[in-house]
Amino acid sequence: MKIDAHHHFWQYNSEEFGWIDDSLERIRRNFLPADLQTEIQAAGVDGVVSVQARQSLEETQWLLDLASANDFLKGVVGWVPLVDENVHQHLEQFGTNPKFKAVRHVVQAEPDDEFILRKNFSAGISALQKYDLVYDILIFERQLPYAIQFVDRHPDQIFVLDHIAKPRIKENLIEDWATNIRELAKRPNVFCKVSGMVTEADFKSWTPEQLKPYWETVLAAFGPDRLMFGSDWPVCLVACEYERWLGVVGEFAASLSSSEQGSLFGQTAQRVYKLA
């Protein structure tokens with residue numbers, strides 16, 4: 001299967017999606033399974049992984065309900081309150097659902113850049129292994145040093161780094177990010193999504209040539225067997241159509257072997273998230 005390992009759904013309202021500001025006006029509407037199915041059918045993508053966009057238990061259940069009703073939704077990366085001392089109760093609630101594959105917290109939005117190192121958050125991460133759950137790391141570039149320390153505290157936990165840690169592509173800055181990416185990638189329990197890059201660049205003026213050094217860095221650091229393609233649809237639409245982004249990554253990967261391309265475009269996601 002060809003898998004898109006990262007996308008979102010939402011029913012838009014300004015209260016819960018305040019981060020969708022005027023610069024993101026194009027995505028100020030509902031995005032639901034029928035919308036995505038049209039996109040992936042045109043692009044030749046077989047299945048997707050749905051990732052939380054709101055930090056609520058209601059959101060996690062809603063995504064699981066959508067996945068139950070739509071076979072092309074192969075897995076869900078949901079949210080649970082990892083800092084809650086009763087986190088096991090919440091994990092039990094969702095753990096029996098075969099499409100509940102991973103948990104994510106929007107660490108990038110926390111005012112404390114060292115949030116990821118908090119003891120109560122670490123305790124919540126330690127609870128995930130019992131339920132065979134992956135953890136998706138969502139951070140900005142500046143938070144990478146803390147993420148490295150965080151991963152080292154959980155050597156047996158599987159992690160997936162979202163959006164290549166959001167480097168400062170718009171400013172064409174790469175060296176500090178690249179140094180930390182190479183260090184993080186030394187941990188074999190960390191995987192990386194090739195996603196979210198166009199929205200870290202200038203929405204209107206980005207080029208594949210501008211993005212390519214960032215791709216080359218994660219490819220060299222993680223290798224094709226630890227990378228997975230993600231669209232970040234519908235967020236990507238403010239800068240790039242679905243098929244165009246798939247095509248850009250396809251061009252980046254053109255020099256890889258067919259088996260390596262198979263890993264990038266599906267097999268890594270299937271293996272890491274245990275998609276059926």
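**Note on the strand pairing, helix packing and cysteines**

1. Strands S4 and S5 pair in the parallel sense over 4 bridges; two strands count as paired if DSSP finds at least two bridges between them. Helices (H or I, at least four residues) and strands (E, at least two) are DSSP runs, numbered from the N terminus. His105 has Ile137 of S5 as its bridge partner. Between S4 and S5 the chain passes through helix H4 (residues 119–126), and this β-α-β crossover is right-handed. Right-handed here means that, with the strands pointing away from the viewer, the path from the first strand over the helix to the second runs clockwise.

2. On provenance: this is a predicted model, in which local features need pLDDT of at least 70 and side-chain atom pairs count only at pLDDT 80 or more, while totals for chains, interfaces and linings use all residues. Residues are numbered from 1 along each chain as its sequence is written, and side-chain values use heavy atoms, with hydrogens and water left out.

3. S5 (residues 134–137) is also joined to strand S6 (residues 159–161), by 3 bridges, and S5 and S6 run parallel. Ile137 has Leu161 as its bridge partner in S6. With helix H5 (residues 144–152), S5 and S6 form a right-handed β-α-β unit.

4. Is S5 covered on one face or both? Both faces are covered, with Val134 and Asp136 buried on one side and Tyr135 and Ile137 buried on the other. Buried means under 20% relative accessible area, exposed over 50%, and partly exposed in between (1.4 Å probe, protein chains only). In a regular strand, side chains alternate between the two faces of the sheet.

5. His154 sits in the loop between H5 and S6. His154 counts as buried because its relative accessibility is 6%. Leaving aside residues up to four places away in sequence, His154 touches Ser122, Ile125, Ser126, Phe159 and Asn189; contact means heavy atoms within 4.5 Å.

6. Ile181 belongs to helix H6 (residues 175–184) and, at 0% relative accessibility, is buried. Ile181 and Leu144 are 37 residues apart in sequence, yet their C-alpha atoms are 7.6 Å apart. The contacts of Ile181, not counting residues up to four places away in sequence, are Leu144, Leu161, Ile164, Ala165, Thr217, Val218, Ala221 and Phe222.

7. Helix H2 (residues 57–69) has 13 residues and spans 19 Å from its first C-alpha to its last, close to the expected 18 Å; the expected span is 1.5 Å times one less than the number of residues. Buried residues in H2 are Glu59, Thr60, Trp62, Leu63, Leu64, Leu66 and Ala67. The elements covering them include helix H1 (33–43), strand S2 (47–51), strand S3 (73–78), helix H3 (87–95) and strand S4 (100–105).

8. In helix H8 (residues 242–252), Tyr242, Trp245, Leu246, Val248, Val249 and Phe252 are the buried residues. They lie on the same side of H8 because they cover an arc of only 160° around the axis, the arc being that of the directions from the helix axis to the C-beta atoms. The buried residues of H8 pack against strand S1 (3–7), H1, strand S7 (190–194), helix H7 (208–222), strand S8 (227–229) and helix H9 (258–273).

9. How many disulfides does a search of the whole structure find? The search finds 0, a disulfide being a pair of cysteine sulfur atoms within 2.5 Å. The cysteine sulfur closest to that of Cys192 is in Cys236, 17 Å away and therefore too far for a bond. Cys236 is in no disulfide either, the nearest cysteine sulfur being that of Cys240 at 6.2 Å. Cys192 is buried at 0% relative accessibility, and Cys236 is buried at 2%.
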